[in-house]
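Hi everyone, thanks for coming.

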Amino acid sequence: VGHGGAVNRLAVSPDHDFFVSASDDGSSRVWASGKLESPNLARLRAAAVYAQQSGRIVDACTVEGTRSVASASNAGDVHVWRVDLLTSASSSSSSLGGPPGGDNSGVGRGGYGRSAALGTAEVRRVQSSEGEVLCVAHAAGDLTSLLVFGTSRGKIHGWDLRLDAEVWRPPLAVPPELGFLTALSFGGAGAGGGSGGGGSGGPSGGPTGGAAGGGDRAWLVAGTSRGFLLVWDLRSRLLAKLWRHSSRGPIQRLATCARLPEDPEAPPPAPLAFVAAGPRADSTAGPELAVFDLSKGGACRRCFPALRAS
């Protein structure tokens, strides 16, 4: 039914029509979200499988504005591939992924159950030449389609999918004493610590311009295996903040936003990050999910402790 190895990451399409699971078995599987409403989930099958990469698939993300997915492997490469869908609105097969950064407006907006994955097609390959690729993220702007990926040597590369070229020279670097990279996430200009614009973590952020800045994205946050969080201002590509999570456990996942939902005080937009951390191997404490204000050097806004499985 599913994978033959551990599932390392789930990546959900922006319109929620499908999601992708990345696994140690070397494959990425596409699942139709509408099928999750079926009463017989035990018979659920993947709608499509991408198995053109070698090694374990350790991370995956969707490519904004397209039907494409970027998947990273421990063999040291990143593949960008599109999901071919059949939509009930047109009743015809179409390759909706297109080139990274392409316009798919008006496609697949009918909601759950109105599209089905027919297969996958490779768009591009990026070779890191630095050992394992540990994490990957993508941000689209008016002029750029920026794919970033972190390697086992502590380098974070910025690759413009439209130019098919690396645009960060030299790449961003994480000192080895901070641990190896575990997670990456973009933030928007509206929450970028002083720049104007809209919200963070989405296309509403104000433009910052230039390929190096990732279009609408003004900053990048990275987490490490030793619990460190690093924030770069992508307009200057300078490290702006560095601190360590109080649990000192590995940063498992990052997600950014500009304002918490249902916040009674309704503060102005700020660069916020949901940080999933821990547990540390030598600690009895469980994992933790917290919201940090990155502009204040990691001030904790809210904390959601998680219970250990009994």
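Let's start with the largest nonpolar core: it has 20 residues, and the ones that touch the most other members are Val148, Ile156, Trp168, Leu184, Phe186, Leu220 and Trp232. By nonpolar core I mean a set of buried Ala, Val, Leu, Ile, Met, Phe, Trp, Tyr and Cys residues joined through side-chain atoms within 4.5 Å. Buried means under 20% relative accessible area, exposed means over 50%, and partly exposed is in between, with a 1.4 Å probe and protein chains only.

Which strands supply at least two residues each of this core? They are β10 (133-140), β11 (145-151), β15 (181-188), β16 (217-224) and β17 (228-233). The largest share, four residues, comes from β10. The strand labels are DSSP runs (E, at least two residues), numbered from the N terminus.

Before I go on, a word on where this comes from. This is a predicted model, so to speak: local features need pLDDT of at least 70, side-chain atom pairs count only at pLDDT 80 or more, and totals for chains, interfaces and linings use all residues. Residues are numbered from 1 along each chain as its sequence is written, and side-chain values use heavy atoms, with hydrogens and water left out.

Leaving aside residues up to four places away in sequence, Leu184 touches a list of residues including Cys135, Val148, Phe149, Ile156, Leu220 and Leu254. A contact here means heavy atoms within 4.5 Å. There's also a second, separate core of 15 residues, which includes Trp243, Ile251, Ala277 and Leu294. As a bit of background, nonpolar side chains tend to be buried together in soluble globular proteins.

Now find the start of the chain. Four strands make an open sheet there in the order β1-β2-β3-β4, and the pairing is antiparallel. Two strands pair if DSSP finds at least two bridges between them. β1 (7-12) and β4 (48-50) are at the edges with a single partner strand each, so one side of each has no neighbour in the sheet. From one strand to the next, the twist averages 20°. That angle is taken between axes, which are lines fitted to C-alpha atoms, and angles run from 0 to 180 degrees between N-to-C directions.

Zoom in on β1 and β2 (residues 18-23): five bridges hold this antiparallel pair. One to look for is Arg9, whose bridge partner in β2 is Ala22.

The other sheet I'd like you to see is also open, with four antiparallel strands in the order β19-β20-β21-β22. Its edge strands are β19 (251-257) and β22 (299-305), and each pairs on one side only. Six bridges join β19 to β20 (residues 272-277), and these two run antiparallel. Thr256 stands opposite Ala273 in β20.

**Charged pairs**

How many salt bridges are there? The count comes to seven. The rule is a side-chain nitrogen of Lys or Arg within 4 Å of a carboxyl oxygen of Asp or Glu.

Asp15 is in the loop between β1 and β2, and Arg67 is in the loop between β5 (57-62) and β6 (68-73), so the pair ties together parts that are 52 residues apart in sequence. Are these two buried or exposed? Asp15 is partly exposed at 27% relative accessibility, whereas Arg67 is buried at 3%. Asp17 joins in as well: Asp15, Asp17 and Arg67 are linked in a network of salt bridges.

Two others are Asp84 with Arg82, at 3.2 Å between the closest N and O atoms, and Asp233 with Arg235, at 2.9 Å.

What about disulfides, meaning pairs of cysteine sulfur atoms within 2.5 Å? The count is zero. Cys303 is in no disulfide, and its nearest cysteine sulfur, in Cys300, is 5.3 Å away.

Next, the peptide bond from Arg169 to Pro170 is cis, with omega near 0°. You'll find Pro170 in the loop between β13 (165-166) and β14 (172-173).

Last one: His16 has a positive phi, near 65°, and it isn't a glycine. His16 is in the loop between β1 and β2, and it is partly exposed, at 41% relative accessible area.

Conventions:
Disulfide = S-S within 2.5 Å.
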